[in-house]
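Here are some notes to go with the structure, for anyone opening it for the first time. Have it on screen while you read, and follow the points in order.

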Amino acid sequence: MNILVFDTSTDLLAVGVKKSGDHMITKVESGFRHSETLLPSIESCLSEASVNLRDIDLIACARGPGSFTGLRIGISTAKGLSLALGLPWVGVPTLDCMAFGWEKPGQSVVPVLDARKNRVYSALYRGGQRMGDYLDVSQATLLAALDGEDEVSFVGPDADLFSDYALERPGFRVEEDDPEKRLLGLATLAEIQFREKGAAGEMEGPLYLREPEIG
């Protein structure tokens, strides 16, 4: 299955094409210019992968939480391409993609996304499975919830918010962000979701953990 994936949930635009098998072509752009750079980045990835949109079997995007504007751009693009090309699309929770591939025996994985206003979006994963709800909490509240954990890896673009804490707490570490691993997670989880649940419906929208801000 050839899968076109993109993540517009942060200030880092990440686009990828996963061809049948495990080969993945990726492109990463920094800065909140997703409305300008998403389609050109898609074209660039398709060209490098030597495929065109008609060769794609599934479109997938990160559906949140994250930047309200970024998520709207990503999902509207996925829906537009799906409608124009008659292709199925799915939206995968951003935190699931961030946690993908970091699991190790006896270790918990905690993706971190800056939610502004001194809060973070996060969740707790063990053995590749999410434990509990997606969270919109203060850093202090998240650390309190992790107090009983022995080994924790903070991952994602804003994991470094916990760098000082990890230096002082044995067994806690901050992993270097890896957008390509995140895209591979998006592609892998999208294929699983599509096979188990089918394509997203017309009313599928962003996954918000708080009310969207105006604008």
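1. Start with Cys61. This is a predicted model, and in it the sulfur of Cys61 has its closest cysteine sulfur in Cys97, 9.4 Å away, so the two are too far apart for a bond. Cys61 is also buried, with a relative accessible area of 0%.

2. Which cysteine sulfur is closest to that of Cys45? The one in Cys61, but at 15 Å that is too far for a bond. Cys45 is buried, at a relative accessible area of 1%. For the whole structure, the search comes back with 0 disulfides. As a reminder, a disulfide is a covalent bond that links the sulfur atoms of two cysteines.

3. How many cavities of 30 Å³ or more does a search of the whole structure find? The count is 1. The largest cavity holds about 40 Å³ of space. Its lining is made up of Cys97, Met98, Trp102, Val155, Gly156, Asp177, Asp178 and Arg182. Sorted by class, that gives 4 nonpolar, 1 polar and 3 charged residues.

4. Now go to the loop between strand 4 (58–62) and helix 2, where Pro65 sits. Have a look at the peptide bond that joins Gly64 and Pro65: it is cis, with omega at about 5 degrees.

5. Arg63 belongs to the loop between strand 4 and helix 2 as well. Is Arg63 buried or exposed? It counts as buried, because its relative accessibility is 17% and the cut-off for buried is under 20%. The side chain of Arg63 comes to 3.1 Å from the backbone oxygen of Gly205. Setting aside neighbours within four places in sequence, Arg63 is in contact with Leu71, Ile75, Gly91, Val92, Pro93, Thr94, Glu204, Gly205, Pro206 and Leu207.

6. At least two lining residues come from each of strand 5 (89–92), helix 3 (94–99), strand 8 (129–138) and helix 6 (179–197). Which element gives the most to this lining? Helix 6 does, with 5 residues. By class, the lining of the largest pocket has 9 nonpolar, 5 polar and 7 charged residues.

7. On to the second largest pocket, with a volume of about 420 Å³. There are 21 residues in its lining, and nearest the centre you'll find Phe32, Gly66, Ser67, Asp114 and Arg116. Helix 2 (68–85) and strand 6 (108–116) are the elements that each give two or more residues to it. Strand 6 gives the most, with 4 residues. The lining of the second largest pocket divides into 7 nonpolar, 6 polar and 8 charged residues.

8. Arg116 counts as exposed because its relative accessible area is 53%, and the cut-off for exposed is over 50%.

9. Where does Lys117 lie? In the loop between strand 6 and strand 7. Phi of Lys117 is positive too, near 55 degrees, and this is another residue other than glycine. With 60% relative accessibility, Lys117 counts as exposed.

10. Finish with Ser122, in strand 7 (residues 119–126). Ser122 is buried, with a relative accessible area of 0%. What lies 2.7 Å from a polar atom of the Ser122 side chain? The backbone oxygen of Pro111. Not counting residues up to four places away in sequence, Ser122 touches Leu95, Val110, Pro111, Asp133, Tyr134, Leu135 and Leu142.

Key: Residues numbered from 1 in each chain as written. Predicted model: local features only at pLDDT ≥ 70, side-chain atom pairs only at ≥ 80, totals over all residues. Heavy atoms only, no water. Buried < 20%, exposed > 50% of the residue type's maximum accessible area, 1.4 Å probe, protein only. Polar contact = N/O pair within 3.5 Å; in protein donor to acceptor, adjacent residues only side chain to side chain. Contact = heavy atoms within 4.5 Å. Nonpolar A, V, L, I, M, F, W, Y, C, P; charged D, E, K, R; others polar. 1 Å grid on protein atoms, 1.4 Å probe; cavity = no way out; pocket = protein on both sides within 12 Å on 5 of 7 lines; lining within 4 Å. Points joined across faces, edges and corners; volume = space filled by probe spheres on them. Disulfide = S-S within 2.5 Å.
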